[in-house]
Amino acid sequence: MSDVPERSARAGGVRARKDQGSGVPGHTMPDLTWTTSWEDLVSAALVGTDRRPVPGGRPPGGADTPVAPPVELLEQAAVQVIRARAGQRPQRGRPLPPAPQEIRPLVGRAAAVRLERILAGEQGRLLPEWLEIAAERGARVPARLIPKLLDLGARDQSIRVHLGVLTGTRGRWLAGLNSAWSYLRDEPTGGAGAAEMWEFGTSGDRRAHLAALRARDPEAARELLAVGWDKETPEDRAVFTRILADGLTMADEPFLEAALDDRRREVRQAAADLLTRLPESRLGTRMTERAGRLLVRDGDRLQARPPKACDSRMERDGVRARPPAGSGQRGWWLQQVVAHTPLTFWPEHFGLSPAEITAMEVGDWAREVRMGWTRAAILQRDAVWARALVEVEPLTDLLAILPPAEQSRIAAEYVRRHPVDGQMIMMLGGIPRPWGMPLARAVLDKIAGVATAQPWNAGELARLAGERFDASAHGQVARLSDLPEVHEVTATLRFRHEMARELLGDAPEKRRTDDGHGTAGETGGPLGEEDK
């Protein structure tokens, strides 16, 4: 019979005889009384057992200590954990409410298998494209894949917009059980019913509804937003304001001017950005008055005179007083005033064309002025200024303003003229698929040119090409070169080609593109007949 006395709450303490429990010869298990708290153990662990004695244990370094104090501390912690678990009373569990019934169809078996392969790491960079196509089809993924997708969405915000549709009612049910997935409850579900979605839908559903109504009836959308404006959350007010960019006219000016007094900075900023696109707006007039004093022509050069202070009126008009790290205050204020000045003002002010203006010397404030013009061109979607500025710096945001064919041509010229570097990779990474023929040819030529000397750059170009070329061109690309990088492009294009066919349910040559033209078949495509 064991000589280990039973633990008693009244007697207090956990005792053990020698050589029992720890497995260490000569080691006595700790005498842990009820007065030794978990907090005492944690404190000793944080401070260190060489500086604080183990609670209830022997002094560090004592002659009678058979094991090191850290081991004794861990043993005491283990006893505390086991005791806490053993002392819990079982409670009656309550069953979870069942998940609502699904109403959307599942993706096909082949498409689901391919999604599993992507989630397992095969062509993982194509996951956003798979999700986009599947969401457009209004399908949902198998339930077994939902947790993995929700975990990815918790780390990658860019894919969340599709998960509300693809995970269906099961996904929203799971999101209510795991706080890490709660973001899903704000994403669009793709549900139908205009009034119902605005009143009872998720934040994403309400955004989608307002955007659809704005595209259909701009005035009705603005009036709907104005009715409950004060009841909206600050986050929703900022997003809803940006939706008014579609179909923006001077009829929206009073609403946006009032939004400049909103208590939330993001709302004021969104309103100021939109008013910049209305040269006749009150904000446009105020900004041109400021800009005319801050930037003047001095012969064949421009002279900048940054503001000396940022007053409350400037802040109301969207000028942020505090500059980002590494920027000076006056230069930051100058940049923002230029960014919110209607671009139509400058040619009249200087008597020059946009191309002539952007080519002029500005002096010490050239960077801030050009960044302001760049921001203004992006905000105002001004293609004339974008063409002039992209000659100075080929930013993706400027290229996005231009028609696709021109975008492809300018990017192709840049690829041909410049070595592969981070700026080129960044620019190409921002150009959406499918790339036009000039850009596709230029990138393939660049891959061949750097494959031997710069295999790392060739590999990154190959990955981008595989993701952005028209997938139906995989047969043509395969015949162009025996380089491993080109084979990689071909493999990715073929993977995307099969992926789209599985999701869309028909042969690619029978599908129609958004512009109404049939997609290229195996023998045609973006590279042209001469590239076969």
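Q: Why is V81 called partly exposed in this predicted model?
A: V81, which lies in helix 2 (residues 69-86), has a relative accessible area of 31%. Buried means under 20% and exposed means over 50%, so 31% falls in between and V81 counts as partly exposed.

Q: Which helix gives the largest share of the nonpolar patch?
A: That is helix 1 (residues 38-47), with four residues.

Q: How do you know that E129 is buried?
A: The relative accessible area of E129 is 9%. Buried means under 20%, so E129 qualifies. This glutamate sits in helix 4 (residues 127-136).

Q: What is E129 in contact with, leaving aside its neighbours within four places in sequence?
A: You will find R433, E467, R496 and M499 there, each with heavy atoms within 4.5 Å of E129.

Q: Why is the span of helix 22 called close to the expected one?
A: Helix 22 (residues 404-417) has 14 residues, and 20 Å is expected at 1.5 Å a residue.

Q: Which residues of helix 22 are buried, and what covers them?
A: The buried ones are E406, Q407, S408, I410, A411, A412, Y414 and V415. Their cover includes helix 20 (383-390), helix 21 (396-399), helix 23 (422-429) and helix 24 (437-450).

Key:
Residues are numbered from 1 along each chain as its sequence is written. This is a predicted model: local features need pLDDT of at least 70, side-chain atom pairs count only at pLDDT 80 or more; totals for chains, interfaces and linings use all residues. Side-chain values use heavy atoms; hydrogens and water are left out. Helices (H or I, at least four residues) and strands (E, at least two) are DSSP runs, numbered from the N terminus. Buried means under 20% relative accessible area, exposed over 50%, partly exposed in between (1.4 Å probe, protein chains only). The expected span of a helix is 1.5 Å times one less than its number of residues.
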